[in-house]
Amino acid sequence: MSSAVRRLVIITGAGLSAESGLATFRDAGGIWSQYDLAEVCSYPGWRRHRAKVFEFYAKCKEEVLAAQPNSAHHCLARWQQKWGPQRVKLLTQNVDDLLERAGAERVMHLHGELTSLLCDNCYRKFDIGRGPVDPTRACPLCHEVEPVKPGVVMFGETSPGYHRLGAAVDGLEPEDILLVIGTSMQVIPVSRLVPAWRTGHALNWQVNPAPAEPVYFGWNVAASACDGLPQLEPMLSQLMSD
Ligand SMILES: [Zn+2]
């Protein structure tokens, strides 16, 4: 085995939190079916329908606060604790805080998080924790209210997190493991998750009930996150302790 310390880069999507009961905009039903997503999930929609957007994300947050981390969240948090956040990078497209509540120390939220608000005037992002998504909250820096929006990335916005995603996948060495969990790869395409030179690499792993873009991965586990991660764990533990 090479002398380099093997790292694990994990990128998760909605499938990770689905087993905690959190619906996504790709599922029928839930609060997502009660709103026009062009109004509540897009930047132009936010500019025109501010009150409705806050109402929508407040409902999303209520759902998240009522949900509990599932065994897959706990598994990923345990891996990060075991091998450390320098070796285990956790990136998620999810705006919930279930990985953190499972004990993960460091999580990069590629699409923002419901625990923050963002000022579109001065770009200050500020933490609101478990507090309400409150449309009357003023920006702590410029003190404006109207430009404050939920701290989630909407369609039509550029995610600052994509630089971090690019850095994480571009920094992969041949001996590193790339694990993609529960994403349809429709918002972030596979070309941004898997560097071209790693196409089909043996240490590209995917866990998804219906694996997306399987030819990019050396190992596709056709299972939910909760069922699939235990299947990977023996091999992973062996590789990470080499
Ligand atoms: Zn501001």
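**Exercise 1.** In which loop does Asp-96 lie? Work out its surroundings too.

*Solution.* Keep in mind that this is a predicted model.

- Step 1: Asp-96 sits in the loop that runs between S2 and helix H6 (98–101).
- Step 2: check burial. The cut-off for buried is under 20% relative accessible area. Asp-96 comes in at 8% relative accessibility, so it counts as buried.
- Step 3: list the contacts. Skipping residues up to four places away in sequence, Asp-96 touches Ser-17, Leu-22, Val-64 and His-109. His-109 is 13 residues from Asp-96 in sequence, with 9.0 Å between the two C-alpha atoms.
- Step 4: look at the polar side. The Asp-96 side chain makes a polar contact with the side chain of Ser-17 at 2.7 Å, and it also reaches the backbone nitrogen of Leu-98 at 3.0 Å.

**Exercise 2.** Find the open sheet of three strands: what is the strand order? Then see what packs on it.

*Solution.* 

- Step 1: get the order. The strands run S5-S4-S6, with antiparallel pairing.
- Step 2: spot the edges. Strand S5 (125–127) and S6 each pair on one side only, which makes them the edge strands. From one strand to the next, the twist averages 40°.
- Step 3: zoom in on one pair. Strand S4 (residues 112–119) and S6 are linked antiparallel over four bridges. Gly-112 stands opposite Val-152 in S6, while Cys-119 has Val-148 of S6 as its bridge partner.
- Step 4: check how covered S6 is. Strand S6 (residues 148–152) is mostly covered, with five of its five residues buried.

**Exercise 3.** Which residues of the largest nonpolar core touch the most other members? Trace where the core comes from.

*Solution.* 

- Step 1: Elements giving at least two residues each include strand S1 (8–12), helix H5 (71–83) and helix H9 (225–240). H9 gives the most, with seven residues.
- Step 2: Beyond its neighbours within four places in sequence, Ile-10 is in contact with residues including Leu-76, Trp-79, Leu-179 and Ile-181.
- Step 3: look elsewhere. Another core, of 25 residues, lies apart from this one, and among its members are Cys-41, Phe-54, Phe-126 and Val-133.

Key:
Residues numbered from 1 in each chain as written. Predicted model: local features only at pLDDT ≥ 70, side-chain atom pairs only at ≥ 80, totals over all residues. Heavy atoms only, no water. Contact = heavy atoms within 4.5 Å. Core = buried A, V, L, I, M, F, W, Y, C linked by side-chain atoms within 4.5 Å. Buried < 20%, exposed > 50% of the residue type's maximum accessible area, 1.4 Å probe, protein only. Pairing = 2+ DSSP bridges. Axes fitted to C-alpha atoms, helices over the stretch in contact; angles between N-to-C directions. Polar contact = N/O pair within 3.5 Å; in protein donor to acceptor, adjacent residues only side chain to side chain.
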